[in-house]
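Subject: Structure handover

Hello,

Please find the structure below. My notes on it follow.

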Amino acid sequence: MIKLALVVLINTLIVVFSAIGSYYGYNWRQALETKATLSSRLSQLNNSLNRIIATYPKPDQPTASLNSSRPLHFLISYTNFGFMPNIASVPVGTVVEIKNLTNEGGMGFYQDPSQSIANNELNLGVIEMNQEKSMTLTKKGTWIYLNSWETTDKGQITVQ
């Protein structure tokens, strides 16, 4: 009995709201079709975006395969917001390029002096605006590097 009353109430509400919507020019069918079209298009765009993303290397991964005969290359950019990425992991022998993308001049790329074990490979010196320098990492370990001109800008690279 209660179920029947609820069904009648719901159907009545549907008819009333449809009538009100029609009176004010709202087309429920068109709205549902538009929603279905937009949902389908969004799904297509999402699939396309996932395919595009899958073709690009992850930011914390070297850009060449381990089976390649050429050395692996990895880019660390320095921007007005710091190092990007600021945490990375690369295999031994990787060529790491440090590029200064700031619009404010040079920066000094060095190993953090607080580390107990020195890795002079990280001491590239001054890198001017829109310039880059590279190093080949041959020592295993986890190394912290910094911009000596802005010592709060730090990063970490693990060489495996």
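Is Val-126 buried, partly exposed or exposed? Val-126 is partly exposed, because its relative accessible area is 34%; buried means under 20% relative accessible area, exposed over 50% and partly exposed in between, with a 1.4 Å probe and protein chains only.

Before the rest, some notes on the source. This is a predicted model, in which local features need pLDDT of at least 70 and side-chain atom pairs count only at pLDDT 80 or more, while totals for chains, interfaces and linings use all residues. Residues are numbered from 1 along each chain as its sequence is written, and side-chain values use heavy atoms, with hydrogens and water left out.

Surface patch

Val-126 lies in strand β6, residues 125-127 (strands are DSSP runs of E, at least two residues, numbered from the N terminus). Together with Tyr-110 and Trp-149, Val-126 forms a nonpolar patch on the surface, with about 280 Å² of accessible area in total. Such a patch is made of residues with over 30% relative accessible area and no salt bridge, nonpolar side chains (Val, Leu, Ile, Met, Phe, Trp, Tyr) being joined within 5 Å. The areas come from the Shrake-Rupley method with a 1.4 Å probe, and only the protein chains shown count as cover for residues.

Core

The largest nonpolar core has 19 residues (buried Ala, Val, Leu, Ile, Met, Phe, Trp, Tyr and Cys residues joined through side-chain atoms within 4.5 Å). Among those with the most contacts inside this core are Ile-76, Val-96, Phe-109 and Ile-157. Two or more residues each come from β1 (73-79), β3 (87-90), β4 (95-100), β5 (107-111), β8 (141-147) and β9 (150-159). β1 gives the largest share, 3 residues. Leaving aside residues up to four places away in sequence, Val-96 touches Phe-74, Ile-76, Lys-133, Ser-134, Met-135, Leu-137 and Ile-157 (contact means heavy atoms within 4.5 Å).

Salt bridges

There are 2 salt bridges, each a side-chain nitrogen of Lys or Arg within 4 Å of a carboxyl oxygen of Asp or Glu.

- Glu-132 pairs with Lys-99, and their closest N and O atoms are 3.9 Å apart. Glu-132 is in strand β7 (residues 132-136) and Lys-99 in strand β4, so distant parts of the chain, 33 residues apart, are linked. Glu-132 is partly exposed at 40% relative accessibility, and Lys-99 is partly exposed at 27%.
- Lys-154 pairs with Asp-112, with 3.0 Å between the closest N and O atoms. Lys-154 lies in strand β9 and Asp-112 in the loop between β5 and β6, so this bridge ties together parts 42 residues apart in sequence. Lys-154 is partly exposed at 38% relative accessibility, whereas Asp-112 is buried at 5%.

Regards

Note on methods. Helix = DSSP H or I, 4+ residues; strand = E, 2+ residues; numbered from the N terminus. Patch = residues over 30% accessible without salt bridge, like charges linked within 9 Å, V, L, I, M, F, W, Y side chains within 5 Å.
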